[in-house]
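Welcome to this guided tour. Please open your viewer, and we will go from one selection to the next together.

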Amino acid sequence: MKQLVVLSGKGGTGKTTVAAALAHLVSQETSIVLADADVDAANLELVLNPTKLKEQQFMGGKLARIDASLCTACGTCAEVCRFDAVIAGDESYGIDELACEGCASCFYQCPAEAIYMEEQHAGQWYRSKTRYGPLFHAHLFAGQENSGKLVTLVKHQARLLALDADARLLIVDGPPGIGCPVIAACAGADLALLVVEPTISGVHDLKRILGTTEHFAIRSLVLINKADLNARRAQEIESFCASRGTVIVGHVPFDVVVTEAMVYGQAVTAYCDGLVSHALRLAWERIKGRLEE
Amino acid sequence: MILAIASGKGGTGKTTVAANLALAVSSDRATQSGAEVHLLDCDVEEPNAALFLRPAIQQRHGVGVWIPEVDFDKCTYCGRCAEVCQYNAIAVVQRRVLVFPELCHGCGSCTLNCPEDAIREKLRVSGVIERGWAKGPVCFAQGILNVGEAMAVPVIRQLKQWVIPKKTDRVLVILDAPPGTSCPVVESMRGSDMVLMVTEPTPFGLHDLRLAVEVARDELGLPVAVLINRDGVGDEGVDKYCEAEGIPVLMRIPLDRRIAEAYSEGQTMIETLPEYRQRFVKLYQRIMKVAGQ
């Protein structure tokens, strides 16, 4: 079983569109499992219209709580907290849950033993059925920490099922950025597909996400989306990739059918058989070759 | 006035709006309709605002996390540090103390709890923050997370502490937030007076807008307003949602290939289509009204 992660660095370049199209194309050839590793804003479900089979709670880290009846308002907690998470009061202090990082420094220092640590229900994760194969996805509650931990959990569950069902490919739709959830999404991948757009930001962000996948020794391929938006920037991406020995697997043209397919909840390759779908089919043939290396 | 610009979904135009608003308001600062402008790029994983504002950077310094350093002359290997650490960032194995820097949040709890006073802290640099001036004039600052680093929050926190002026009346501070809804987004929005959500009228845009509103309005209690970018693409969902939730739509930017092409070259809308200068000044007036300032 191979693992392919779709990343981009910059948001909104078309990761989910590409992941959904790959799910459609690959599922016609072989059995796959899907994981949506963008747990902040999971969008793959909007295209795949999954039927939830199993739902479970995700317990995140612990947060500090202050028992007002024991608090003497001495202020020690506020002194030791480095995250600005203690709210001062006249009679008792409180915790700003969104700022608290759960370090328990206040818990250990409180002379009145008024602080306790409480595990947080930070989100939900799901195993679902879709027309292209099983999907593992999650919803991290607003403003929660530990998105990397939830990504790891979702991927782990997807991997277990993929191994169990003898699926040939696990497709992971990654989050934007280069930080904690992206690193979690990358872990264990055989190949990363970087979806990039030919804009000044796209080029800038490609360099950082490619630096990240190289740092973790994951082979990367590049797919240029909206490739005809700016020929000069597309050329710049090509030269950059050539200089790094990174293979470009395709150029997907800018086309409103991509948005239309999204509105109708369809993978673009299933919605319309035009230039976009053609480019994506070609890209998959090339990705397949690389996966088998 | 501290204004955070967020979206949930990536690539909806946060940076475009931040840069254009900064330029329009700062160039009008001598009149009633303008203000002194500070722009902070808080998307430290993929900072792009500098590509459009092209600031001259005058100051920069490394930031990161204060990690423990053990004085082995004093250490008795009692294991108290490992016991209090909530992140498994320090371990005591027989007569060795292992520190895992990338797991450390820099809370200082091990230092405070060490009975032998054997722990000092040293800065582990995980990014840089820098500031300077861009034409407008806009006081510009950004944080850049080093490639391969997981934690964006310390860089964002230190950027905001360094740059945001104490008094912000007659000053507009714009915080260009990262995509998503988890801790880096919360850290960016915290302490602001209002959040402007930049969205696109598509199912992905709407889905992620809802989540971002949950963070800003429901968790942080901040006033929110919406700017619809690429108006005309997609469907009616975002408009219906804003109407039902009573969220004001302050501006609409149509889907216009000229804007997309200018963006791809790092040009602002104001530079390419000067009629937008007045529209962004109006946007600022509407923002002030929503924020009650």
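A residue is called buried if 20 or more other C-beta atoms lie within 10 Å of its own, exposed if 12 or fewer do, and partly exposed in between, with the C-beta atoms placed from the backbone. This is a predicted model, in which local features need pLDDT of at least 70 and side-chain atom pairs count only at pLDDT 80 or more, while totals for chains, interfaces and linings use all residues. Residues are numbered from 1 along each chain as its sequence is written, and chains are lettered from A and ligands numbered from 1 in the order in which they are written.

**Stop 1: chain B**

Select chain B. Of its 293 residues, 53% count as buried. The C-alpha atoms fill a box of roughly 70 × 40 × 35 Å along the principal axes. The average in chain B is 95, and 100% of the residues score at least 70. The model as a whole scores ipTM 0.94 and pTM 0.95.

Now switch to a cartoon view. Chain B shows 11 helices and 11 strands; these are DSSP runs numbered from the N terminus, with helices (H or I) of at least four residues and strands (E) of at least two.

Which residues belong to domain 1 of chain B, and which to domain 2? Select 2-54 + 135-290 for domain 1, then 65-125 for domain 2. Such bounds come from an automatic or database domain assignment. Over C-alpha atoms, the centres of the two domains of chain B are 39 Å apart.

**Stop 2: chain A and its helix 1**

Move to chain A, where 55% of the 293 residues are buried. Chain A has 11 helices and 11 strands.

Select residues 15-27 of chain A, which form helix 1. From first C-alpha to last, this helix of 13 residues reaches 18 Å, close to the 18 Å expected at 1.5 Å a residue; the expected span is 1.5 Å times one less than the number of residues. Is helix 1 of chain A mostly covered or mostly open? It is mostly covered, with 12 of its 13 residues buried. Among them are Lys15(A), Ala23(A) and His24(A).

**Stop 3: the nonpolar cores**

A nonpolar core is a set of buried Ala, Val, Leu, Ile, Met, Phe, Trp, Tyr and Cys residues joined through C-beta atoms within 7 Å. The largest one has 162 residues, and those with the most contacts inside it are Ala23(A), Leu3(B), Ile5(B) and Ile174(B). Apart from it lies another core of 19 residues, including Leu63(A) and Phe107(A).

**Stop 4: where the chains meet**

Two residues are in contact if their C-beta atoms, placed from the backbone, lie within 7 Å. By that rule, 53 residues of chain A are in contact with 53 residues of chain B.

Finish at Ile200(A), which sits in helix 7 of chain A. Ile200(A) is partly exposed because 18 other C-beta atoms lie within 10 Å. Leaving aside neighbours within four places in sequence, Ile200(A) is in contact with Arg233(A), Leu51(B), Ser264(B), Glu265(B) and Gly266(B). Show Glu236(A) too: Ile200(A) and Glu236(A) are 36 residues apart in sequence and 9.7 Å apart in space, C-alpha to C-alpha.

Note on methods: pLDDT is the predictor's confidence in each residue, from 0 to 100.
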